[in-house]
Amino acid sequence: MDQNEQDLWKKVDVGGYAALGTLFAFILDAIKNKVESDKTDVKEQLDTMNHSYKIISKRFEAIDLGRFDKRFPVDTLRKLKEKLFPEMGNQYKGLNTMLKHYISGSSHLKVRILHKIKECKAVVKQMNELGQEFSKNDRYWEYRKTNPERIYLEGTDKK
């Protein structure tokens with residue numbers, strides 16, 4: 001595997017979609033548990049969720065799919081970039097709005113918030129499924145054998 005291909009893989013290697021999906025699911029569960037218990041101290045979880053989403057979304061926005069050839073799981077990347085992460089953003093935006101009102105005293109939103117969390121979890125499940133699809137690519141594992149430094153959820157400034 002040449003350096004150019006390694007550099008391209010590094011752009012799409014976010015350190016494991018399963019780990020990221022686990023993070024999002026954990027945050028959603030924490031918010032759900034607090035809302036079910038009528039607690040309103042969800043700002044920390046909300047901030048973590050929004051921050052993590054923003055970073056991963058920016059990573060995918062920066063990907064120019066035209067630079068990738070058949071060695072890469074372009075169809076999966078396209079689904080992540082063009083469908084899943086925008087949908088996740090819409091779902092999180094709705095949840096974010098409801099939670100802000102909930103935090104400020106609108107406890108009548110509890111049922112709607114719990115329903116929105118289910119919708120968000122469905123999107124996270126899709127992300128995990130696409131992550132499994134992504135990891136079936138043999139070239140990806142060839143890249144991983146080169147022991148690259150992994151970016152995980154760092155900002156887009158590292159390429």
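Mentor: Helices (H or I, at least four residues) and strands (E, at least two) are DSSP runs, numbered from the N terminus. This is a predicted model, where local features need pLDDT of at least 70, side-chain atom pairs count only at pLDDT 80 or more, and totals for chains, interfaces and linings use all residues. Residues are numbered from 1 along each chain as its sequence is written, and side-chain values use heavy atoms, with hydrogens and water left out.

Trainee: How many helices and strands does the protein have?

Mentor: Read along the sequence, the pattern is α-α-α-α-α-α. The secondary structure comes to zero strands and six helices.

Trainee: How are α1 and α6 oriented to each other?

Mentor: Take helix α1 (residues 3-12) and helix α6 (residues 138-145). Their axes, lines fitted to C-alpha atoms over the stretch in contact, come within 10 Å. They cross at roughly 100 degrees, on a scale from 0 to 180 degrees between N-to-C directions. Angles of 65 to 115 degrees count as roughly perpendicular, so α1 and α6 are roughly perpendicular.

Trainee: Which residues of α6 make the contact?

Mentor: Contact means heavy atoms within 4.5 Å. On α1, the contact is made by E5, Q6, W9 and K10. On α6, it is made by R139, Y140 and Y143.

Trainee: What share of the residues counts as buried?

Mentor: Buried means under 20% relative accessible area (1.4 Å probe, protein chains only). The protein has 159 residues. The share that counts as buried is 42%.

Trainee: What box do the C-alpha atoms fill?

Mentor: The box is taken along the principal axes. Its dimensions are roughly 55 × 25 × 20 Å.

Key. Parallel < 35°, antiparallel > 145°, perpendicular 65-115°, else oblique. Buried < 20%, exposed > 50% of the residue type's maximum accessible area, 1.4 Å probe, protein only.
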